[in-house]
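Work through the exercises below with the model open. Try each task before reading its solution.

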Amino acid sequence: MTAYDNTFTDLITSEHQDKPKFVQTVAFSCQGFADLVNLCERAYKYYDLDTATGTQLDAVGMWVGLSRYVALDIEAFFSWDTEKLGWDEGIWWEIGNAKNEIAKLSDNIYRTFIKLKIACNHWDGTLPGAINIINYAIESNGYIADIEENNMSVTFLIKGSVSKICRSMIENNYLPLKPAGVNVIYKFEENQ
């Protein structure tokens, strides 16, 4: 942007246009208003889900009802029988220690989960709609999801090695896909 915006100085009448101090006074007095008008004209771009970053994306997430911070289960506690979790390699769990950790999602992952949360907010309550949302969550990595209907319960069977974050988002109900009056169970099967 130039030193000042010509939006208001172009409105000065011809009898005062040749007075540089007057023009400069008007320019400096009105520049804040011109900047505010320009910001208002572009503000929607800052909160567009596809282009927002950082705190603007956090604000979009708040509007939708999804935080950037996610609780992830700690699966790597000390174990004698598991490779890379032995002596001086695994986390030693003691009474009172948390069994999960808080992770901050990157903008790209957070943007994807905001889109999924929006889909959940508009979900029609049907099982095909739910399976479409879950497939959207996991399809980028070639995973597949299936449904098993039981008596008053539904099991979502997700086949493939789903990321820890995606699994946590699904299991911990960050993406609420629960038909009314029905229990929901999530099963994950990793391909060997």
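The exercises go from the overall fold to single residues.

This is a predicted model: local features need pLDDT of at least 70, side-chain atom pairs count only at pLDDT 80 or more, and totals for chains, interfaces and linings use all residues. Residues are numbered from 1 along each chain as its sequence is written, and side-chain values use heavy atoms, with hydrogens and water left out.

**Exercise 1. Describe the secondary structure and the burial of the chain.**

Step 1. Start with the elements. The chain has 7 helices and 5 strands. Both are DSSP runs numbered from the N terminus: helices are H or I with at least four residues, strands E with at least two.

Step 2. Read their order. It runs α-α-α-α-β-β-α-α-β-β-α-β.

Step 3. Turn to burial. Of 192 residues, 34% are buried. Buried means under 20% relative accessible area, exposed over 50%, and partly exposed in between (1.4 Å probe, protein chains only).

Step 4. Check the contacts (heavy atoms within 4.5 Å). Among those between residues at least 6 apart in sequence, 57% join residues at least 24 apart.

**Exercise 2. Find the largest nonpolar core and the elements that supply it.**

Step 1. Apply the criterion. A nonpolar core is a set of buried Ala, Val, Leu, Ile, Met, Phe, Trp, Tyr and Cys residues joined through side-chain atoms within 4.5 Å.

Step 2. Count. The largest core has 36 residues, and Phe113, Ile114 and Ile158 are among those with the most contacts inside it.

Step 3. Assign elements. Those supplying at least two residues each include helix 4 (54-64), strand 1 and strand 5. Helix 6 gives the most, with 7 residues.

Step 4. Look at helix 7 (residues 164-171). Its buried residues are Cys166, Ser168, Met169 and Ile170. They pack against strand 1 (69-73), helix 5 (107-121), helix 6 (127-138), strand 4 and strand 5 (183-189). Asparagine 173 follows helix 7, with a positive phi near 65°.

**Exercise 3. Is threonine 155 buried or exposed, and what does it touch?**

Step 1. Locate threonine 155. It sits in strand 4 (residues 153-159).

Step 2. Read its accessibility. Threonine 155 is buried, because its relative accessible area is 3%.

Step 3. List neighbours, leaving out residues up to four places away in sequence. Threonine 155 touches Asp146, Ile147, Glu148, Asn150, Ile185 and Lys187.

**Exercise 4. Trace the salt bridges of arginine 68.**

Step 1. Set the cut-off. A salt bridge puts a side-chain nitrogen of Lys or Arg within 4 Å of a carboxyl oxygen of Asp or Glu. The whole structure has 4.

Step 2. Take the pair with aspartate 58. The closest N and O atoms of arginine 68 and aspartate 58 are 2.5 Å apart. Arginine 68 lies in the loop between helix 4 and strand 1, and aspartate 58 in helix 4.

Step 3. Take the pair with aspartate 107. Here the N to O distance from arginine 68 is 2.8 Å.

Step 4. Join them. Shared partners link Asp58, Arg68 and Asp107 into one network.

Step 5. Arginine 68 is buried at 5%. Aspartate 58 is partly exposed at 27%, and aspartate 107 is partly exposed at 25%.

**Exercise 5. What does the salt bridge between aspartate 50 and lysine 115 tie together?**

Step 1. Check the distance. Their side chains meet at 3.1 Å, N to O.

Step 2. Aspartate 50 is in the loop between helix 3 and helix 4, and lysine 115 is in helix 5, so the pair ties together parts 65 residues apart in sequence.
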